[in-house]
Amino acid sequence: MSMKKKIGVLAIQGAFREHCKSLEKLGVEAVEVRSVDDLKGISGLIIPGGESTAIGKQLEIDGFGDKIVEMAGEGFPIFGTCAGMILLSKKIDRSNQYSLGLLDISVKRNAFGRQIASFEADIPVKGLKGGNLRAVFIRAPYVTEAGPEVDVLAAYAGKIVLVQDDHILASAFHPELTDDTRIHEYFINIVDQYRK
């Protein structure tokens with residue numbers, strides 16, 4: 001019998017519990033990650049939404065972020081949602097805040113407006129079966145530039161909102177806030193592909 005897959009969810013703030021529930025629905029063991037030690041024994045990591053500057057400050061402590069970058073360099077899969085997308089980007093428009101710099105993208109923070117401008121939309125996603133995806137945008141960023149190696153998987157109103165570069169996936173929206181688990185399944189497939 002194969003061991004149950006373990007995927008970590010960065011549990012500093014934001015909707016990490018909802019991500020854990022989505023993973024567990026799919027038969028994956030979700031591990032709450034709060035320190036470098038918690039990274040041991042997991043096959044992938046989700047960086048959830050929240051406040052990207054606050055999460056970034058925590059990642060700067062004790063080489064936490066450096067360890068994530070090192071693991072990513074060895075093919076460790078990472079999925080960032082909303083603030084997670086900002087933290088994965090190489091460039092944040094009009095900001096010098098901390099980021100992991102793992103995705104060759106530029107992002108604009110709060111690009112669709114503040115909390116009051118949060119909304120949902122049905123969007124087509126490249127390679128995703130089962131029709132359009134209901135996407136929840138909350139103070140969402142979007143990608144203003146994507147490098148040549150970055151695959152654009154979805155856009156909304158002409159703005160890039162879902163990207164992938166090999167084992168790194170990032171969305172501007174919150175897939176954990178709906179009952180649709182297809183994006184989490186997509187990430188689990190990346191984990192299966194890169195962590196054989």
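## Burial and surface

In this predicted model, buried residues make up 49% of the 196 residues in the protein. The accessible surface comes to about 9,200 Å². Carbon and sulfur atoms account for 45% of that surface.

The protein carries 24 positive and 26 negative charges.

## Overall fold

The chain forms 5 helices and 12 strands. Its radius of gyration is 15 Å, close to the 16 Å that the globule rule gives for 196 residues, so the protein is as compact as a globular protein of that length. Along the principal axes, the C-alpha trace spans about 45 × 40 × 35 Å.

Of the contacts with a separation of 6 or more, 65% are between residues 24 or more positions apart.

## The nonpolar core

In soluble globular proteins, nonpolar side chains tend to be buried together. Here, the largest nonpolar core has 63 residues. The residues with the most contacts inside this core are L45, I78, I123, F137, V161, V163 and F173.

I123 shows what such a position looks like in detail. Leaving out residues up to four places away in sequence, I123 touches N132, L133, A135, A154, A155, Y156, V161 and F173. Two of these partners, V161 and F173, are also listed among the core residues with the most contacts.

H174 and E176 can be found in one loop. H174 is placed between strand 12 (168-171) and helix 5 (182-194), and E176 lies in the loop between strand 12 and helix 5 as well. Is H174 buried or exposed? With a relative accessible area of 7%, H174 is buried, because buried means under 20%. E176, at 5%, is buried too.

E176 touches A15, E18, H19, S22, T81 and H184.

## An exposed loop residue

D37 is located in the loop between strand 2 (29-33) and strand 3 (45-47). D37 counts as exposed because its relative accessibility is 52%, and exposed means over 50%. The C-alpha atoms of D37 and F64 are separated by 9.2 Å, and these residues are 27 residues apart along the chain.

Technical notes: Residues numbered from 1 in each chain as written. Predicted model: local features only at pLDDT ≥ 70, side-chain atom pairs only at ≥ 80, totals over all residues. Heavy atoms only, no water. Helix = DSSP H or I, 4+ residues; strand = E, 2+ residues; numbered from the N terminus. Rg over C-alpha atoms; globule rule 2.2 N^0.38 Å. Buried < 20%, exposed > 50% of the residue type's maximum accessible area, 1.4 Å probe, protein only. Contact = heavy atoms within 4.5 Å. Areas by Shrake-Rupley, 256 points an atom, 1.4 Å probe, with all protein chains shown as cover. Lys, Arg positive; Asp, Glu negative; His and termini not counted. Charge placed at Lys NZ, Arg CZ, Asp CG, Glu CD. Core = buried A, V, L, I, M, F, W, Y, C linked by side-chain atoms within 4.5 Å.
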